Amino acid sequence: MGDAVHDQPDLGGGKLPLNAQGVVKRRAGRLAVVAALCALCQADSASARADAPLMMAVPLGLSALIPVPADNPLTAAKVALGRRLFFEKRLSRDGRVACASCHKPEHGFADDRALSIGVGGRVGGRNAPSLLNKAYARTLFWDGRAASLEEQALAPMVNDVELANTYEEISTRLGSDPSYVAAFREAFGGAEPTSARAAQALASFTRTLLSGASPVDRYERLGEATALSPAAARGHALFRGKARCHVCHDGPLFSDDRFHNTGVGWGRAPVDRGRYAVTGVDAHRGAFRTPSLRHVARTAPYMHDGSMTTLSEIVAFYDRGAGSNPYLDGLIRPLGLTSRERRDLVAFLESLTGRD
């Protein structure tokens, strides 16, 4: 991990503001999980404080301005605590499930199972999506019911199918561990452990999980014509042309961060109402967030229900016009791709993998 920010030239030049409490250094880099590196850098400084702003390496292709709430500034101590809590199974009622149980670091911080499994082997109704680049998300979960990473981190703690605990019990467990008491005091200016502060630390850790500097980024942003294979370059043209993928998968994250009904899982029991369950708007029935395509080749299975296992399967699904239903998004229609064009699109999607 130590060489993550040194294998590409500095593209941004100097330090860029994160918010009033933080700064970020823009460099092309590998998949960046930078908390440990930053903590070491600060430990070497005699003037380092636990509340000192965190220095982050932002990979090529991502926005240098990472949204951070004013009431939860990003610091090395908080990120280090969040990383520890991410693997802490005592957050779950039975002490057997952690955030990392479903958001597996070795699998792009996503779940390799179609449906995620929580306390007591309970099977959830959705696939746990990747946490990479969630620092930029406007809302969280497949249905967008959380407005911040802090809110998103709190919800699984008390969800009956996930960690199935209570906020009070989590606060008690963390408060009874002297090492956690010390870590919380360092991260939160002397404050004691609580579930709400645990969520703030987890959110801070999640903000450091960045994936960029893919071959597509070098092709698009640095003009490296050889960064993509001939097949991937043809796929790039299809993605932004005939295949119309960019209509929903655009921007730095290759996602519009909106909700669309594509017919995935439609008609299958039990019915997942998607965004409708949050808004009550009839047009939102069966609509789910457009996932980011960054690192997509490493985070199968796909879709909110984990029902597709390969990129070829996804391309074929959209080529035939997705899944017909009364609420199908009007942007979707059959594409008429040839077999080679479908393969080229897959090659392009595979080129969105950031180097780890």
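Me: What is the handedness of the crossing of α4 and α7?
Reply: This is a predicted model. In it, helix α4 covers residues 149–158 and helix α7 covers residues 195–206. The crossing of these two helices, α4 and α7, is right-handed.

Me: At what angle do α4 and α7 pack, and which word describes α4 relative to α7?
Reply: The axes of α4 and α7 are 8 Å apart. The helices pack at an angle of about 120°. Angles of 65 to 115 degrees would count as roughly perpendicular, and those over 145 as roughly antiparallel. The α4–α7 angle therefore falls in the remaining class, and α4 is oblique to α7.

Me: Which residues of α7 does α4 meet, and how many residues of the contact are nonpolar?
Reply: From α4 come L149, E150, A153, L154 and M157. They meet S195, A196, A198, A199, Q200, L202, A203 and T206 in α7. By class, this contact has one charged residue, three polar and nine nonpolar.

Me: How far apart are the axes of α11 and α12?
Reply: Helix α11 takes residues 311–319, and helix α12 takes residues 339–350. They pack at an angle of about 125°. That makes α11 oblique to α12. Their axes are 9 Å apart.

Me: Which residues of α11 meet α12, and how many charged residues does the contact have?
Reply: On the α12 side the contact uses R342, L345, V346, L349 and E350. On the α11 side it uses L311, S312, V315, A316 and D319. By class, the contact has six nonpolar residues, one polar and three charged.

Me: Is the crossing of α11 and α12 left-handed or right-handed?
Reply: The angle of about 125° gives the packing of α11 and α12. Handedness is a separate matter. For α11 and α12, the crossing is right-handed.

Me: How many residues of helix α2 are buried?
Reply: Helix α2 runs over residues 76–86 and is mostly covered. Its buried residues are A76, A77, K78, V79, L81, G82, L85 and F86.

Me: Which residues do ring pairs link into a cluster with F86?
Reply: F86 is one of the buried residues of α2. The structure holds nine aromatic pairs. Ring pairs link F86 into a cluster with F87, F109 and F205.

Me: How many residues apart in sequence are the parts that the W266–Y327 pair ties together?
Reply: The W266–Y327 pair is tilted, with 5.7 Å centre to centre and 55° between the planes. W266 lies in the loop between β6 and α10. Y327 lies in the loop between α11 and α12, so the pair ties together parts whose separation in sequence is 61 residues.

Me: Are W266 and Y327 buried, exposed or partly exposed?
Reply: Buried means under 20% relative accessible area, and exposed means over 50%. W266 has 37%. Y327 has 26%. Both values lie between the cut-offs, so W266 and Y327 are partly exposed.

Me: What share of the protein counts as buried?
Reply: The secondary structure comes to twelve helices and seven strands. The protein has 356 residues. The share that counts as buried is 51%.

Definitions and conventions
Residues numbered from 1 in each chain as written. Predicted model: local features only at pLDDT ≥ 70, side-chain atom pairs only at ≥ 80, totals over all residues. Heavy atoms only, no water. Axes fitted to C-alpha atoms, helices over the stretch in contact; angles between N-to-C directions. Helix = DSSP H or I, 4+ residues; strand = E, 2+ residues; numbered from the N terminus. Parallel < 35°, antiparallel > 145°, perpendicular 65-115°, else oblique. Left-handed = near helix turned anticlockwise from the far one by under 90°. Contact = heavy atoms within 4.5 Å. Nonpolar A, V, L, I, M, F, W, Y, C, P; charged D, E, K, R; others polar. Buried < 20%, exposed > 50% of the residue type's maximum accessible area, 1.4 Å probe, protein only. Phe/Tyr/Trp six-rings, centres within 6.5 Å; stacked < 30°, edge-to-face > 60°.
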